Structures are given as structure tokens and as C-alpha cells.
Amino acid sequence: MNVSNVSTNVPLQTSIDKKFFTCEVCCKAFSQKGNFDRHLRTHTNVKPYSCDTCGREFSRKCHLKVHFRIHLNEKPYSCNICRQKFSYKSGVIRHYRVHTDRKHYSCDVCNKQFTQKDGLNKHFRTHTNEKPYSCDICNKRFSQKSILNEHFRTHTNEKPYSCDVCHKEFSKKSDLTRHYHAHTDQKPYSCDVCNKRFSQKDGLNKHFRIHTNEKPFSCNVCNKQFSRKDKLNQHFRSHTNEKPYSCDICSKGFAQKSNLNYHYRTHTNEKPFSCNVCGKKFTQKCQLNQHFPTHTNEKPYSCEVCNKQFSRKHEFSRHFRTHTNEKPYSCDICSKLFSQKCHLNRHLLTHTNEKPYSCDVCNKQFSQKHKLNIHFRRHTNEKPYSCDVCNKQFSQRSSLNSHFLIHTDEKPFSCDVCNKRFSHKSNLSKHLHTHTNEKPFSCETCGKEFSRKSDLKVHYRMHTNEKLFSCDTCGKEFSQRSQLNVHFRIHTNEKLFSCDTCGKQFIYKNSLKVHIRTHTNERPYSCDTCGKKFSNRSNLKVHFHIHLKEKPFSCVVCNKQFSQKKHLYVHFRTHTNEKPFSCDVCGKKFAHKYRLTIHIRSHTNEKPFSCNSCGKAFSSRAALKVHYHTHTNENLFSCDLCSKEFTRKGDLKVHYRTHTNEKPFPCEVCGKKFSRKCILKVHYRVHTNEKPFSCDLCSKEFSHESVLKRHFHTHTNEKPFSCDICCKKFSMKYHLSRHFHTHTNKPISVD
């Protein structure tokens, strides 16, 4: 049969209109079985054709042939105008419309035009929010199949596109194209407004929105608008808390891939950006840009209100809000407003009580990363900030700034009520509570109220007995860092505060203030009961116990009670026989620090206390007080039994034992008891045969100083004791007493 004749006898219209094959799934009809079979694969997802090189599967054989050109780098189709080559025929057709600028397809919603129908279909899904393609692994949905394919490579880690120059591999062709411009330095797209050039058209489109201020992408949750879709996607993760990028080393998650790349450099210690001037390296380019103005001292941003200049734009923006009092960031929970976003983020952690940063050494957790960094310096003892004046080093920049005000004596913050000035704003805030008497912070345990939150925290440690700060030298622990800093000066013997009058130096600033009052004779603290004034608040508190007759501190050994805790500590050493204070000259030890101080003056012959009447000097204030009574003839303490008067309370106590016959000091060797401790010491030398006092003339040794004095009269023939009746003189007082009885005819008492 003649084929040509058959074909002419069959009506053309009839053969086209007949569709013998109908799909049972979607009821779509086909006139040819091959087309029908290919359509069925869209429902069954059968891909019978696979690539022998990479194993990729296709539903149609023609797609496999076209795909294979990628491996052969075969591009049989070329543009007649610019000679650009393509692997697909559809590619050259789409490309040709770039030259003709013909856009046959327009969107019915926004009238945007497209050169390809496929582009219109993809665009229309931005209006319908349709995402027909989903990932089989994570079920994430996409509006375009090409985006799904690119996403799938994040699971397979497939990178089919490689650079011909450096052989770097990419998962997306667009990334390869962008990368290739780094080698050619080609930027074919330029901005018509500012002539800035770009290597990609997409980059030009994004840039152009800076001039038009166009923000076509808006958030469905908070309606915030963005000029770029990727910025919208990044922002949306702040609502969903999605972190799709995770670190392979520590599994930390990130909302942005760029943040993951920055984070990864903390593990590799990679710093690819270096300063051309000083060679300092940085992990991020923005850090290099911020660092560079430190060399040029360039501050291009100036405030129109106060003319203060800034090297960074974001610093200028933050500063300007101090004038406008603008607080654009608000908390969704309590509606509190903030001028900076970072302040809002920190505040949000107070509601969630979240502390995502933990110390690798002690496992302590922190809500902010910079607090973790500051804390970690306690372990490393790192102090990166140093004072330019005195070279003192600090672990925090804020501590350095606070310290620097000591040199400048600058106090920029003043109180509106009393005009008192302060070097720190926090001190001003604390001071203001003294006027309002406001105490907004209360302890949940005991109900005590405080004007400062920091005071409440310190107070709370009294209940928990928590001591966070320990001395590296002696191991002593403290509940406050300030206490540790002050204590550490004991080891370094650092005395920062000196008196302008006498030059005496002190470890504590408060000690200097109290000392200055010895020159000014100022006593600002007075007792409300008796009106007595004191130079120190602590002395007033001690004095007040006299009126209350209150002794809240008792000894666990002998139940003796004390009005002050420090007196209890000192007393307790009588039981433990502890003498923590020793003389550097002779090694003698003391239970009290003030006794060591007085003792040292016996070596230095220092007598800082002088009598205003006769000018006689003494090594201790107590000795001066006793001497002063010789001028006033005043006896403050009298005996209740015999009315004998004494200038010192201690002498009254010793005298009282003559009535009670009390002898509280026993000898550990023979058990003999004594009424005075000094007599026990002299007695004890009988057992030890110790004779610490020697004569300078004959070297004879004695166990008691009074015996040495009597012996010395034998060399000088001095007789200092004379009889009032017959004027006879004696070298010893005992001889005078014995002689005196010859006049009175009274028997001599052996005692």
C-alpha cells in the first residue's frame, strides 16, 4: 500500500481530535500512547532512565540525553548575536529574549511581565503562596522544583558544579557563576543612579531598592518589610526559632549560614581578614572595617545635637536615641521599651530564665555571652585592658573606664536634689534612693528591704552562705567581689589611699576618711540618747549597746557575752591560745593586732600620742589616757566594797580580787594560783629558770625587771625612797616600809 496515499486519505482534523487514552487519576486525555505513558510517570514517580556517570534518574529519555551534556560539557546551541552557548535549545530561546526585550507573559495580579511562561508560573505562586514541591527527607515545601533540587543537595552533600580555574565545587550553578566572577573580576551590570557595578543582575536589582526604598517582602507575623527575600527568610526564623544550620563539631544551631561560617572559625581559629597597617587579623570583614578607623582616626558620623563624632554608623544611631529618647524595641511579655535590640534580647532572658552560655571550667551558666567571656578571665587571670597613666590592668573595659576617672577626677553625673556629683551613673541612681527613701527590692526569706538590687543579692548570700569569690593566695572566700579586691591588698601590701596632711597610706578608702577626722577633729556621728559624738559610725554602733545593755554575741566555751562580734573573736583566742600576729623584729606573737602595733613601737621608739598639758609622749593611746588623769586628779573607777578609786578599769578588776580572793591564773607546772597574769608569768620563770633581764654593768641576770632595778641601785648607790618622819633614805621601797614601822610600832606584814 502506498503510504503517501493513506496519509492523504485520512482527514487531519479527525486524527488530532481523537484522544483514545485517558488518565484514571486526573482524567486528562491523550491521543498518543507515548505521551500517555510519560504522563502516568508523573503520578507514579517512576524514572526508568538513569545516568551511567552520576546515577541520576529521569522520567524521559530526552531529559537523560540533555543531562548527559553536562558531563560532556557539550553546548550545541549558540546565540546568533552574542555567540553564548547553551546545552538546551530552550536555553537559547529564553536567552534570545534578553536581546529583544520581549516579554509575552504578564501577571494578572501585579502586571509584572516575563519573557517565559515558566517564569510567570513561578512568580504567580508568590501571590498564592503555593508550594507544590516537598522534600522527602525533611518535608520542607518549595514553590519551585529547581529550589527543591538545590535543597536536596544539602542532605546528599552533592556538589555537581566545579570551577575550571580553582576546581572548587558548588551545589548550585548560581553559586558557581558568582564565584567565577571572582577570577574574571567581571561586573557587567551597573546602577544607573550611582554607577556602582555588579557581577550579577540579582545583585543590581537588590541594590537598586536602596535608591527607590522599595521593600516588596513583608512578614506575615509582624508586617515588617524587607527589600530582599533572603532578609525576610532570616527574619522569619526569629518567630519560628528555626535554626537550620548546625555546626558539625559542637552541634550549635544558627538561623543564618553566614553566622555558621563565622562560628566555624572559632574552631579552626581562622582569621582571613587582616589589617594592612598593623597586620591584626579578624574572623569577619565587618570587624576589620570597624578596626581600620582606629588608624585613620576617621569619624565620618557626627551628631547634629551635641557634635559628638563616631567612626561607626550603628554607634551614631544608638547615640542619637539618647537625644530623641526613642525606644523602638519593645518586649512582647511586659511591654518594656528599649533603645537597642541587644538590650531587648538580654531582657527577654529574664522572662525565660534561659542561660545558654556555660563555662567549660566550672560549668557556671550565663544569660549573655560577654558575661561568660568576662567570667572566663577569672580562670585564665587575663587582664587585656590597661590604664595608660598607671599601667594597672583590668579584666573588663568598664572597670578600666571607672578607674580612669580617678586620674581625671571627672564626675559627670550630678544629683538634681542636692547637686552632689558622681563619677558613675550607677552611683547616682543609688544615691537618689537616699532622697526618696525608696526600697523597691525585698528579701523573700526575711522581708528586709533594699534600695539597690545588688545589695539584695549580697544580702541573700547570708541565707545561702554562698561565697563565690575566693583568694588565690590564701584561699579565703568572700560573698562580694569588692571584699575580695580589698582583701587582696593585704597580700600585695598595696595602699592606694594616702593622707594629704601627714602622708600616711591606707588600704581602704574608708580608713583614710576616718583618719582625716583625726586632723580635722570632725565627729559627724552623734548618739541620740546621750549626745556623745564619734568620728566613726562603727564606734557609734558599739557605744549604743551601752544604752541597750545588749550583748548579742556569746562564747560557746564559757558563755561570756559581748556587744561586738570582733570582741568575741578576740576573746575566743584566750581559749585556743591562738596568736596570729607576730613581730618581724623579735618574733614575739600576739593575740591582738593592736598589741602588736604597740609592741613594734618599742623597737622603733615611736610615741605618737603626746599630752597637751606637759608634752610627755606615749606609745599607746591608753597610756596617754591614764597619764592624763594625773593632771585632772580624776579617778573614774571606784570599788563598791572599800571605795578605793582607780584611773583604769583594769586596775579596779585586779583590786577587786583582793576582796573575793579570786585567783584565776593557775600555774600549769605546780598548780599555784595567782590573781594577776603578769605575776603568773614571773612565777613561771622559777620553773624555766629564765632570766631575761641582765645588768649592763655586771651582767648579772634576773627573772624580774623590778629586781633588776633594785640591783642597779647597788651600783649607783641611789636611794630614791625617803622617810617622811626622819628623812632617812633607802634603795628599796620594801626597806622603807620596814623602817616606817619603827616609828609607828606596828608589826610588819609579811604579805
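Residue N605, which follows helix α24, has a positive phi near 60 degrees. The model is predicted, and local features require pLDDT of at least 70, side-chain atom pairs count only at pLDDT 80 or more, and totals for chains, interfaces and linings use all residues. Residues are numbered from 1 along each chain as its sequence is written, and side-chain values use heavy atoms, with hydrogens and water left out.

Helices (H or I, at least four residues) and strands (E, at least two) are DSSP runs numbered from the N terminus. Within α24, L596, H599 and R601 are buried (under 20% relative accessible area; exposed is over 50% and partly exposed in between, with a 1.4 Å probe and protein chains only). The buried residues of α24 pack against β41 (581–582), β42 (589–590) and β43 (609–610), contact being heavy atoms within 4.5 Å.

Four aromatic pairs are found in a search of the whole structure. Rings of Phe, Tyr and Trp (its six-membered ring) pair if their centres lie within 6.5 Å; planes under 30 degrees apart are stacked, over 60 edge-to-face and the rest tilted. F30 and F36 form a tilted pair, at 6.2 Å centre to centre and 55 degrees between the planes. F30 is buried at 13% relative accessible area, and F36 is buried at 14%. The pair of F316 and F320 is tilted, at 6.0 Å and 45 degrees. These residues, F316 and F320, are four apart in helix α14 (residues 313–324) and so are separated by about one helical turn. F320 is partly exposed, at 29% relative accessibility. Ring pairs also link F21, F30 and F36 into a cluster.
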